[in-house]
Amino acid sequence: MAVDAATGRTGGASATVHGSPRPDGADGAPSSDPDLRWVGRRVQRVEDPYLLAGRGVFLDDLEPRGTLHVAFVRATVAAAAISSVDVSPALSVPGVVAAFTSGDFGDIGLTAVLERPEFAVTEMPALARDRVRHVGEPVAVVVATSPYAAEDGTEAVLVDYDETPPVVGIDAALADGAPLVHAGVPGNLLLDVSLSFGDDIDACIESAAHVVEVEVSTGRITALPIEGRAFLAEFDERAARIVLHSSTQVPHLVRTGVAQALGLDESSVRVVVPDVGGGFGQKCVVAREELVAAALCRKLRRPVKWVEDRREGLTSGFQSREQRFALRGAFDVDGTLLAVEADICCDIGAYSCFPFSCGVEVLMAANELPGPYRLRRYRVRSRGVATNKVPIAPYRGVSRPQAVLAIERLMDVAAARIGIGPVEIRERNLVGDDEFPYRNVVGACYDAGSYREALATCAEALGYRRGEDPSRSPRPGGPLVGMGFACFVEPTAYGTASFGARKMSIVPGYEQATVRMDASGSVVVMVGTLSHGQGHATTYAQIVADHLGVELDRVRLVQGDTTAVPHGWGTFASRSLVAAGGALAKASDELAEQLRRIAGHVLEGTPADIELAHGRAYVRGTPTVGVAVGELARVAHHAANTLPPDLGRGLEVIARFDPEGTYSNATHGAVVEVDPETGSVAIRRYVVVEDCGVMVNPMIVDGQVSGGIVQGIGSALFEELVYDENGQPLSGSLMDYMVPTATDVPVIEIHHLETPTDRTPTGAKGMGEGGAIGAPAAILNAVNDALRGRGSVTRTPIRPSDVMTAIAVHDGSGRGAPMAVPTTDEGAT
Amino acid sequence: MNPTTTVSMTVNGTEATVHVEPRHTLADVLRHDLGLTGTHVGCEHGICGACTVLVDGSAVRSCLMFAVQAEGRSVETVESLGTPDDLSPLQEACRTEHALQCGFCTPGFLMMLTAFLAERDAPTDEEIREVVASNLCRCTGYQGLLRAVRRVADERGAAGRRQPAQA
């Protein structure tokens, strides 16, 4: 297998290489002998047996003695002043213990802050006070001896609303004289950012050979973990603190949010996380309901539990992705992209989520639109618009699926205009292998990737035919078949520098890891990330076992308890394996050095000559002369008197890693068949070529890619949370909100390229979100390729009715004539 | 309190008698009255299938069945399958094929697929896809689940060919 000397990257499709960017040797790097390494192997997950046996412990499986159950009274209208709330009728419902409104807790809430002048600070109250701003907003809470009784109680609570006109969409929110969602936020603009990069943008666009305009928009969707949100709070009298069991991705952030809201020291709140049944971003923010649970347990001195039901999840759990992009791209005569001007609007809903704020979508959309392309001139306005809908929170990929949809649509429309193919136009604009590190137009510095090889590999796998006339007519009478591509770069594991640049008042990014070896030689690793399906107990153990030369089953993961693990930021934004994995590599490096020094003392050798492998320490070259790592651990703890004063006396290291940013890349390609009689879309083939650097466990990488792609297929074809003109949610069940099933998805063909990064101790880049990022664009482009000459779709989800409308509109307007409907983006300027 | 009624059923081979409100679902009674928390509740309206259990050998949504309807019947939950140290062939195949990530939907799939594999000796890929489409998984994209069922069927077929007397 060929390895590029400059980058250390292996070439060729389906490459799986156990490469380390660092040389093996006395610097503490693990052995490069593949037989001695766990990293790179498709190791079966250590998490699986107990989960498969139904022995997982999820939030609702916890039920301390005396637990009370919580149900929320939620707003039934989208915008209203609250005239009155009377919870007293609930108190006579059998089983109900108590009921409260906002004032009973001192009007607590969450306020996310971006320290930038374009940001409007608003508070998300835990329970509504004088106003409700979306259907589903919690207004009152009922506590009872069973969940059934608590729900009975909510039905007895009386709320009087004085309705005001709701603001239900982006256009309505931005209209002159629109009602205000927040009295203090003029124009309903929670954030309005204008950025410009490069000189003479207007002149460049005016003089360009081709100027192409596209508009795309994406429907509102939700992460929909199969386990909804859930919290159990109890008061630990001995420690005099709240213990909040939370189905969360971010235990320390929850601790901060709860402590701030309740006016407590962080040490007065302990957050403990059981098994988590999926999150995908919805659980990486602090929920109003968990503030209420924490406040309730303090007030009642009883355990209180809330478990979201699916209807609540669909109508009041955090949502995402309702965005609109208008792009103008200037191209050279040969298809070289010269400049992009973008106008982006994100429908934020009623509140900014804590702690990321609405900026998480608005800023990411603006900053990451340029993607993997060489672009030197870029101007963007990106707005976060308040509406009377459920607030948004990050969802896998956040704004990248939409930004990729926009720029990839631009590429396809431009290619057709210029008369070249979709692969050819991308080839002309992708950053080349010899240009890394590449500082892009907004200043992000891409580490080495395989942008062009990924595209070439994907195109070849799908049988793409170069030079075919892109304006060719559809085959008469045959099925409408189309092929579409999406190229993207995935910034992963934002460090403090990246989050700081957003001007968040709380800046996440670093991670700490403690690696502790006990007297028996077994290892415990403690991190602030929170595995909830990603298999960290396996992958982290692979990293640590390589460094310490121990077997995988000697390494255990401790996570999800703020009293047990170092401060960290949790699992989101494709950060865990990069940030915590990096800290773990550093910590275990240092612990390995301690073991080598102890071994040097015991074996009377030089520490630099000691090899750690297969659970033994031995002098390099003479494996028979050695000692078990467990014996070194015993000596370090139980016979420290035999060691020099600076050795042993415990074996524990903490290390930190703050990623500077590393960039995965991929090309997704889809072949779809569109039925012109029904408008239905079937995915015939799906190929992804991805490069996330060193793969610690390729099986888990494949699983993340596949899962992300199917979520992307859902948002491309099926999923949408629909609101009516009054702001009433219409998608309140899984019969209305369509999640893909096994019959909706193709076999996903995954190819790996492996360009290790020199920016992380492991050589790994993050990859948790990529699947979801590329799929909508690849599918939209494929559908439009299938519809060539018969119309186009510019919005996801692409419903059968959208396809039929596109065909009807095109037929009605006559072939070749400019289309006169607002959904078009084929018109030239 | 609301009136309760007495229900007797066989759960994982053991007689169980509970006193529950008539409105309590079988899922809630299995989980909260009998402590069998391996059965999970994902939607409470019969779509996601996380709560799937076997009633008299057939896969049912335990969120759509009242516990009182299980009177006199035999219920099997994920706890009736293999243990962490001794997984069933289907559980083992799910591990091999990375058919689970967070593991929340997994018990429902296991019960659905256990019933399916008991009925179908040699399922086609299309039949496998159809039955996997009964339930929702948000993590895996179903690829590993499809492979796992195929693997169990193939391994069983191979074993059957080696030992025809057992068929």
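This is a predicted model: local features need pLDDT of at least 70, side-chain atom pairs count only at pLDDT 80 or more; totals for chains, interfaces and linings use all residues.
How many residues of chain B are in contact with chain A?

1. Chain B brings 47 residues into contact with 42 residues of chain A. On the chain B side, the elements giving two or more residues are α2 (89-96), α3 (106-119), α4 (125-132) and α5 (143-162). The largest share, four residues, comes from α2(B). Sorted by class, this side of chain B has 21 nonpolar, 18 polar and eight charged residues.

2. Next, have a look at helix α1 of chain B, residues 26-33. Six of its eight residues are buried, so this helix is largely enclosed by the rest of the structure. The buried ones are B:Leu26, B:Ala27, B:Asp28, B:Val29, B:Leu30 and B:Arg31. They pack against two strands of chain B, β2 (14-20) and β3 (52-55). After α1(B) comes B:Gly35, which has a positive phi, near 75 degrees.

3. Now turn to chain A. Its domain assignment gives domain 1 (61-164 + 229-307) and domain 2 (510-657). Taken over C-alpha atoms, the centres of these two domains of chain A are separated by 40 Å. Their contact takes 16 residues from domain 1 of chain A and 14 residues from domain 2 of chain A.

4. Finally, here is the domain 1 side of that contact within chain A. Both α5 (251-262) and β13 (269-272) of chain A supply at least two residues each, and the largest share, four residues, comes from α5(A). By class, this side of domain 1 of chain A has eight nonpolar, six polar and two charged residues.

Technical notes. Residues are numbered from 1 along each chain as its sequence is written. Chains are lettered from A and ligands numbered from 1 in the order in which they are written. A residue is buried if 20 or more other C-beta atoms lie within 10 Å of its own, exposed if 12 or fewer, and partly exposed in between; C-beta atoms are placed from the backbone. Two residues are in contact if their C-beta atoms, placed from the backbone, lie within 7 Å. Ala, Val, Leu, Ile, Met, Phe, Trp, Tyr, Cys and Pro count as nonpolar, Asp, Glu, Lys and Arg as charged, and the others, Gly among them, as polar. Domain bounds come from an automatic or database domain assignment.
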